[in-house]
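Please keep the sequence and the structure in view while reading.

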Amino acid sequence: MTAQQTTSAHGTTVETVELERAVVKHWKAPISYAVLTLVALVLLVVLGRDGSATLRLASGGDFFAIPDAVLPARATGVVVVVLLAALTALSFWAVATVRRLGAWLPIVFGVLFVVGFLTWAGAGSMIPIAGLLFATVGLSVPLIFGAMGGVLSERAGVVNIAIEAQLLGGAFTGAVVASATGSTIVGVVAAMLASVLVSMVLAVFAIRYFVEQVIVGVVLNVLVAGLTNFLYSSLLTDNPALNSPARLPKLPIPVLESIPLLGPALFKQSIIVYAMYIIVPLIAWGLFKTTWGLRLRAIGEHPLAADTVGIKVNRLRFWNVALAGAVAGLGGAYFTLDSNGSFTREMTAGLGYIALAAVIFGQWHPVKATAAALLFGFASALQQTLGAIGSPVPSEFMLMLPYVITLLAVAGFIGQSRAPAASGKPYVKQ
Amino acid sequence: MTLEHPTLALRGITKRFGALTANDHIDLEVRAGEIHCLLGENGAGKSTLMNVLYGLYQADEGEIVLDGEVQRFAGPGDAMRAGIGMVHQHFMLIPVFTVAENVLLGHERALGGLGGAREKVREISQRFGFHIDPDARIEDLPVGVQQRVEIIKALSQDAKVLVFDEPTAVLTPQETDELMAIMQQLRDEGTAIVFITHKLREVRAIADRITVIRLGKVVGEASPDSSSTELASMMVGRPVELTVQKQPPVLTDNRLQVSNLTVLDAIGQKVVNDVSFTVQGGEVLCIAGVQGNGQTELTEAILGLQHRATGSIDLNGNELLGDSVREVLDAGVGFVPEDRKVDGLVGEYSIAENLMLDRYRGEPFVRGGTIDRAARDDFAREKLSAFDIRAQSIETPVGTLSGGNQQKVVLARELGRPLALFVASQPTRGLDVGSIEFVHSQIIATRDAGIPVIVVSTELDEVVGLADRIAVMYRGGIVGIVPADTSRDTLGLMMAGERPAGLRTADPVKGAAA
């Protein structure tokens, strides 16, 4: 009993509060693995396809060309299913004997599953892996900027459903201003300002008028979509000159761009993407190592405690939500000034919500949220690539893929992530 | 500091919230090197006054004078800079931050970053003999240690005046003694201390001066030599009976038998750990312990609110574990929840509606799917007078009543139907002395009607006053079940998980007969 174990508990010794634990076995993970292994078995072996998939790993300009990997579809499928089954068994064993396996298992499982799926879908054709990675980075950029905006805002205690509006507003403004001024950099700055404006509306309603933050966010999304649609049809369609910005040039970084497989995807990009490489670590460092970050997290966790040490909670919240908008605005600029080259109706297509999912999946941590955004970006790139090579799966079905992955990821991991305690709760002073 | 210039003087402080005057021209002087107790009932206006002093509220009238200079505090930052520190009743600590981060917050430059904050924590810890790891996370620390972090936070700002707002509410008696030693050390070093409390024992032990406030006004100063009875009557404004009046228990044969009850929380921790006890009809079993040691979960498990519970809860041969809350209520369990505003009442509903909240099915209040308003209102009117609920009418929304009257509504409902077991969790928390007397008399009356009664309380005075036997909980387990006349020191040790040598235990029959 507890009484006999604890002899001298009170007093000045510091001890952390730990209760006895019962062994609770969570079978969710192994069961999920088993289901996925079964899916792989049916798809890759039972419905297996003949022929070989050629995975092209090289691209022009590498230091050295990695030879293409030619994988016979059916044999690869069998090997993959056997390995998946082994991992599933390992997972069951780990849960049964209450061991922790670490994060490598889901990653290895996922990579194997994807390889198996790729060889099956690409049987008889060639899959450009380097191109797939390039597309992954490209599709992830707005998600990552959006997610950073979400992390900053929610860590400061304001739920940011309006990422979609921030991206869309930034994309539109960036296109128009860059076209009108002829300067892409001015366009990028304008995109950030437009996004800050959206953020400030959110901040004013959430912080000053205590309006339910989810509702303000949703309303803003609809409002900005409607506004840009209206301006697009009334202004841009008649004046195409206002919707033809110069695109940000690709600035390949010498040497690095020649790294096989990853070089072109990472180091043959525009200034916005390079800015992202700096901003993400900067936010991570700032949040956890600086005074700004300490105060930002404090007002998102326990605003009253922050107030009692003299921090102006609502003012700080306001400016950090504005900052979140500026970061998300870069993602908006990327749509029109880098990837697309002009504005089209509702071109963000719900990516703001996916960025929000990345925030949650990434446990409100900038680096983890970036990893989550990359996963979602990869799912979209996969869908595009398979559509291009003519996969046996209908392309309409493939379109669901990124969202199914998002749903599974968020549902599977949501219990483990804890939101900032005061996120969504206005701070009202007497 | 000369005596002509008290360190801190509050002059004519008045604070109104709408029609309510929480502080009415309050004067208070605190000198360096003294502990000044501010004694008053819950709701007397003590915390409001201190929040004015700390800059959280702005006074409507009056001034704050520190070392002879009139101060204007626009916010807590100003108060802190002027040298006023506060140990809050609800700790102002960020649970996911470390000790050093909490000390650093708001004073990043002055402390010289995280390294400086760590150093400061170590330095102050050493001065007072605390052993606190600057890198421990707050949420992993016991409340007693968290409070020390609050003290370190205030001291790291070189506070000249330190306010302790009801600091002992979450502590074991031993921790309370240690806190008082810390306060005395601070006083001897020249800090002016304001000690806010409603506990007479503590006031008499430590105060150099005592100011009593009642209903927002200063009623006078009392000498530290005053007796508890004198202090209590000053605080309440009339003579007060401090001990609970009761006869020896008359046991009946209906009873509750809890065996090997274990409750898990969401992450598999045993918040209630293999608990067994028996309560017989006609006795009060008090469950003592510092808040958060499994008492809440234990009472919730009895009511059927905890789903991850194993073991057995047997009420007169009827197994309750696994039953729905509805079935448990139908088995005759009356329950006063810990937080009446959240779990006990619907604030927007009227008194009459709240009184029939758990009897929405069938007779006597519902006929043919509609509410029989006449029956309901008759019942409500009867309870209003029987329980002395002070309200304009039975239609008054419960949320507008005082805490004492709200608790009377809960009691009237829970005791208003035939009971086989009565469970009251923190039944007098936050109530005024008059209401406490009433609640206690109702609990004793229930016991004398032959019903088994469980009372959970963190207030040792209440436990000792009500109990026929006392079960002490610590970290989910029962340390021991002891007779009601066990010494406070022994109970205090048990609340910290120790079992003193030669402990007398009280098994169901013997203990109750004694």
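Within what distance do the axes of helix H2 (residues 28-46) of chain A and helix H4 (residues 104-121) of chain A come, and at roughly what angle do they cross? Before the answer, a word on the source: this is a predicted model, in which local features need pLDDT of at least 70 and side-chain atom pairs count only at pLDDT 80 or more, while totals for chains, interfaces and linings use all residues. Residues are numbered from 1 along each chain as its sequence is written, and chains are lettered from A and ligands numbered from 1 in the order in which they are written.

**Helix pairs in chain A**

The axes of H2(A) and H4(A) come within 11 Å and cross at roughly 15°. That makes H2(A) roughly parallel to H4(A), a term used for angles under 35 degrees, whereas over 145 counts as roughly antiparallel, 65 to 115 as roughly perpendicular and the rest as oblique. Here helices (H or I, at least four residues) and strands (E, at least two) are DSSP runs, numbered from the N terminus, and axes are lines fitted to C-alpha atoms, for helices over the stretch in contact, with angles running from 0 to 180 degrees between N-to-C directions. On the H2(A) side the contact is made by Tyr33(A), Leu36(A), Ala40(A), Leu43(A) and Leu44(A), and on the H4(A) side by Phe109(A), Phe113(A), Gly116(A) and Trp120(A); two residues are in contact if their C-beta atoms, placed from the backbone, lie within 7 Å.

A second pair is formed by helix H6 (residues 163-181) and helix H13 (residues 313-339) of chain A, whose axes come within 7 Å and cross at roughly 55°. That makes H6(A) oblique to H13(A). Among the residues that make this contact are Gly169(A), Gly170(A) and Gly174(A) of H6(A), together with Gly325(A), Gly329(A) and Gly332(A) of H13(A).

The table sets out the classes for both contacts, where Ala, Val, Leu, Ile, Met, Phe, Trp, Tyr, Cys and Pro count as nonpolar, Asp, Glu, Lys and Arg as charged, and the others, Gly among them, as polar.

| H2(A) with H4(A) | 8 residues | 1 residue | no residues |

**Domains**

The domain assignment, which is automatic or from a database, gives chain A a domain 1 (28-124) and a domain 2 (134-416). For chain B the assignment gives domain 1 (8-236) and domain 2 (252-332 + 418-513), with 33 Å between the centres, taken over C-alpha atoms. The contact between these domains takes 9 residues from domain 1 of chain B and 12 residues from domain 2 of chain B.

**A sheet in chain B, and the two chains together**

In chain B, 4 strands form an open sheet in the order E2-E1-E4-E5, and the pairing is antiparallel; two strands pair if DSSP finds at least two bridges between them. The edge strands, each pairing on one side only, are strand E2 (20-30) and strand E5 (69-71) of chain B. Strand E1 (residues 8-17) of chain B is joined to strand E4 (residues 61-66) of chain B by 5 bridges, and Arg11(B) stands opposite Glu63(B) in E4(B).

Finally, the contact between the chains takes 43 residues from chain B and 32 residues from chain A. The side of chain B that touches chain A divides into 20 nonpolar, 14 polar and 9 charged residues.
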